[in-house]
Amino acid sequence: MGLFKKRKVILALGGGSARGLSNIGVLKALERHFGRGNMPFDMIVGTSIGSLIGAACCLGVPIERQEKIAYNFKWPDLVDLGIYSTGLVKGDKLEQIIHEIVDNKTFENLTKPFALTTTDIQTGEELVHTSGDLVKLIRASCSWPGIFSAVKYGGRLLVDGGVRNSIPTKTAYDFGASFVIAVNPGFAVKNQKVNNVIQAMVQAVQIMGEELNTYQTHFADVAIKPDLGELDQFEFDKAREIVRQGEIAAEKKMPELKRKLFFHSLGVNIGKQPCERCA
């Protein structure tokens, strides 16, 4: 019976602002090994910047174009500061960049199934989107609360999907995945002396985020985690290094990925490694 069970491979792309650019490196490696028209997944689910990179991939935007934009991007390009009720940055500049990357395309233009996650900041609900205003929803998925203003959409106030779904493995299984490949850009937990309240708050967020990533990544069949050290979420000027580390991490995982995908194609589940922390 196992040979006839429907099999579905889903790629789950995590967030992480600048660190999330490592998703591009992972896609580069996958394309190099499997070919542009034969990528080893049936669908992408993305969170935060993973939603932007995932959407672009599923719309057929070449990896090279995404890479070029990433290398020319600087953090000030995102900043339209002001006094807003839910954030320090309005987010209009972010929306313009999203338009450029996805080439003004919509959910209707997808060449491969795609979904993205957001969080309703008023109710705490995790939301998953496969239709609607693609650019506006990507903007919401990338809008970390307190930094970027929340996005009013469909009667809700939406923020970063990473608040609930930093690595959307659960969402992938909700879509019927029988095999999940996860990319975990990680958080920048630094070994440092903490001297003020801002440092303490930032470090606490990094620690909590890393713990959530560890938990959610455990449910993947293959997890790819680039070695980004203490590079933080705002270091877009390090894009080349971040993308390169994504490639390196994917290359290291490639033998395991190919082996597991082969067995999966035969309907054989070779299992995941146990994780006592996640039990």
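The mean pLDDT of the chain (the predictor's confidence in each residue, from 0 to 100) is 89, and 94% of its residues reach 70 or more. The pLDDT is below 50 over residues 1-5, a stretch with three contacts in the model beyond near neighbours in sequence; contact means heavy atoms within 4.5 Å. Over residues 273-279 the pLDDT stays under 50 as well, and the model has eight contacts for them beyond four places in sequence. Where pLDDT is low, the predicted coordinates should not be read in detail.

This is a predicted model, in which local features need pLDDT of at least 70 and side-chain atom pairs count only at pLDDT 80 or more, while totals for chains, interfaces and linings use all residues. Residues are numbered from 1 along each chain as its sequence is written, and side-chain values use heavy atoms, with hydrogens and water left out.

**Helix packing**

Helices (H or I, at least four residues) and strands (E, at least two) are DSSP runs, numbered from the N terminus. Axes are lines fitted to C-alpha atoms, for helices over the stretch in contact, and angles run from 0 to 180 degrees between N-to-C directions. Helix 1 (residues 22-34) packs against helix 2 (residues 49-58) at an angle of about 30°, the axes being 9 Å apart. Asn 23, Ile 24 and Leu 27 of helix 1 meet Gly 50, Ile 53 and Cys 57 of helix 2 in this contact. Its residues comprise four nonpolar, two polar and no charged. In these classes, Ala, Val, Leu, Ile, Met, Phe, Trp, Tyr, Cys and Pro count as nonpolar, Asp, Glu, Lys and Arg as charged, and the others, Gly among them, as polar.

In helix 3 (residues 63-72), the buried residues are Ile 63, Gln 66, Glu 67, Ile 69, Ala 70 and Tyr 71. Buried means under 20% relative accessible area, exposed over 50%, and partly exposed in between (1.4 Å probe, protein chains only). The cover over these residues includes helix 1, helix 2, helix 4 (92-102) and helix 8 (239-265).

Helix 3 and helix 8 cross at roughly 140°, and their axes come within 8 Å. Helix 3 is therefore oblique to helix 8; angles under 35 degrees count as roughly parallel, over 145 as roughly antiparallel, 65 to 115 as roughly perpendicular and the rest as oblique. On the helix 3 side the contact is made by Glu 67, Ala 70 and Tyr 71, and on the helix 8 side by Ala 239, Arg 240 and Val 243. This contact has four nonpolar, no polar and two charged residues.

**Loop residues**

| Residue | Phi | Relative accessibility |
|---|---|---|
| Ser 48 | near 55° | 6%, buried |
| Asn 104 | about 60° | 55%, exposed |

Ser 48 lies in the loop between strand 2 (43-47) and helix 2, whereas Asn 104 belongs to the loop between helix 4 and strand 4 (114-120).

Ser 149 is placed in the loop between strand 6 (146-148) and strand 7 (151-153). Its relative accessible area of 8% makes Ser 149 buried. Apart from residues up to four places away in sequence, Ser 149 touches Tyr 84, Thr 86, Gly 87, Val 89, Lys 90 and Ser 143.

Leu 228, in the loop between strand 10 (222-224) and helix 8, is buried at 4% relative accessibility. Its contacts, leaving aside neighbours within four places in sequence, are with Arg 19, Ser 22, Pro 185, Ile 242 and Gln 245. Pro 185 is 43 residues from Leu 228 along the chain, and their C-alpha atoms are separated by 7.7 Å.
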